[in-house]
Amino acid sequence: MTTFSSEWLKLREAADIKARNREVSNALSARFAQRNEVSVVDLGSGTGSNLRATAPLLPNLQTWTLVDHDSALLDSARRALSSWADTAQPHADYAAGLTLTKGYATIHVHFLQCNLASDLHTALSQRVDLVTASALFDLVSADFVRAFAHAIADRRAVFYGALTYNGIQRWQPHRPTDSQMTSAFHRHQLGDKGFGPALGPMASAHLADQFRLNGYLVLEGESPWQLSRNDRMLIDELVRGHAMAVAETGAVDIKTIEAWVKVQRTGAETGHTDIYAVPT
Ligand SMILES: C[S@@+](CC[C@H](N)C(=O)[O-])C[C@H]1O[C@@H](n2cnc3c(N)ncnc32)[C@H](O)[C@@H]1O
């Protein structure tokens, strides 16, 4: 199973928030504008970045269940959310979660350690209005997306999937080996990340198709990272992550990878797609 460090998730958070597609997030916000409260499940929550970005779009009374298989990330989420909030009150039973206030919002947060690949139904066992995830779906398989869309439709819940990698990767300055590296990276993306053969850059298209097949209206929008010199650390980590993934495929020789890593990049564009789907 792929693991993610809390340092990497922290490093990407500002770029993720900036990249989110406004048309898609406005549609989500409008959907719940007449409601006082909303219950949300965030799949593959990591350190809680999706809650921090999405909570301002939702009614003032919110209940979130953060689901991840990695207990260390759930602990990081508890800490990161407590510092992000104006106030944070642990529930009497520590394991039960936290109550946060942020601006006018009161947000009850529960944490659930669960492997989504084998136990999606536990993650969706509570009443839920909105199921969301960010930077998750490129890891999952076509079978998972099919079962997932069906499970969401069964509950007539709204779906908001942010920041799914869509296969666009451009580097500045461009080098002739970039395309070889990107195609090897995509080969790595299609490997098993714990859910069976992963969809990688095809995930968004599969999500949109499956939600439409379940009678949902679907809105998609681009949410690319547009990284510049100011994003030096993120670019360097992105380069390192690509090099490691490509090395694992064996599709590019080590000398080429080493030379590629040494190129000083001044910018990068990484394409993502946001998707919002509602039952008709
Ligand atoms: C790229 S990270 C994104 C984290 C967070 N949503 C964000 O935007 O920062 C993917 C997350 O999915 C979680 N994950 C991966 N496979 C999982 C599985 N089988 N079950 C539950 N969580 C999983 C990882 O632990 C990680 O937190």
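# A tour of pockets, a cavity and helix packing

The largest pocket has a volume of about 810 Å³. The model on screen is predicted. Start with this pocket.

**Stop 1: the largest pocket.** Select Thr2, Phe4, Trp8, Phe185 and Gly241. Of the 27 residues that line the pocket, these lie nearest its centre. Now colour the elements around them. Two or more lining residues come from each of H1, strand S7 (158–172), helix H7 (178–189), helix H9 (232–249) and strand S10 (267–279). Which element gives the most to this lining? Select H9: with eight residues, H9 gives the most. Colour the lining by class next. There are 11 nonpolar, 10 polar and six charged residues.

**Stop 2: the second largest pocket.** This pocket has a volume of about 200 Å³. H1, strand S9 (225–227) and H9 each supply at least two of the lining residues. H1 has the largest share here, five residues. By class, the lining divides into nine nonpolar, one polar and two charged.

Stop 3: Side chains of opposite charge can pair when their charged atoms come close. Both Arg12 and Asp16 lie in H1, four residues apart, which is about one turn of the helix. How many salt bridges does a search of the whole structure find? The search finds 10.

Stop 4: Rolling a probe the size of a water molecule over the atoms shows where empty space is left. The count comes to one cavity of 30 Å³ or more. Select Phe4, Gly44, Gly46, Asp68 and Ala135. Among the 30 residues that line the cavity, these are the closest to its centre. Phe4 is also on the list for the largest pocket, where Phe4 is one of the residues nearest the centre.

Helix H1 (6–19), helix H3 (49–54) and H5 give two or more residues each to the cavity lining. H1 gives the most, with four residues. The lining has 12 nonpolar, 13 polar and five charged residues.

**Stop 5: Ala135.** Check its backbone: phi is positive, about 55°, although Ala135 is not a glycine. Ala135 is in the loop between strand S6 (130–134) and H6.

**Stop 6: H5 against H6.** Follow the chain into H6. Two packed helices are described by the angle between their axes and the distance between the axes. Helix H5 (residues 116–123) and helix H6 (residues 142–154) pack at about 0°, with axes 11 Å apart. That angle makes H5 roughly parallel to H6. Show Leu116, Leu120 and His121 of H5 with Phe144, Phe148 and Ala151 of H6; these residues make the contact. Five of the contact residues are nonpolar, one is polar and none is charged.

**Stop 7: a cis peptide bond.** Select Gln172 and Pro173. The peptide bond from Gln172 to Pro173 is cis, with omega near -10°. Pro173 has its place in the loop between S7 and H7.

**Stop 8: H7 across H9.** Move on to H7 and show H9 with it. Their axes come within 8 Å and cross at roughly 70°. H7 and H9 are therefore roughly perpendicular to each other. On the H7 side, select Met181, Ala184, Phe185, Arg187 and His188; they meet His242, Ala243, Ala245, Val246, Glu248 and Thr249 in H9. The contact divides into six nonpolar, three polar and two charged residues. Phe185 was picked at the first stop too, as one of the residues nearest the centre of the largest pocket.

**Stop 9: H9 beside H10.** How do their axes run? They come within 10 Å and cross at roughly 175°. H9 and H10 are therefore roughly antiparallel to each other. Select Val239, His242, Ala243, Val246 and Ala247 in H9, which meet Ile254, Ile257, Trp260 and Val261 in H10. This contact has eight nonpolar residues, one polar and no charged.

Key: Residues numbered from 1 in each chain as written. Predicted model: local features only at pLDDT ≥ 70, side-chain atom pairs only at ≥ 80, totals over all residues. Heavy atoms only, no water. Axes fitted to C-alpha atoms, helices over the stretch in contact; angles between N-to-C directions. Parallel < 35°, antiparallel > 145°, perpendicular 65-115°, else oblique. Contact = heavy atoms within 4.5 Å. Nonpolar A, V, L, I, M, F, W, Y, C, P; charged D, E, K, R; others polar. 1 Å grid on protein atoms, 1.4 Å probe; cavity = no way out; pocket = protein on both sides within 12 Å on 5 of 7 lines; lining within 4 Å. Points joined across faces, edges and corners; volume = space filled by probe spheres on them. Salt bridge = Lys/Arg side-chain N within 4 Å of Asp/Glu carboxyl O.
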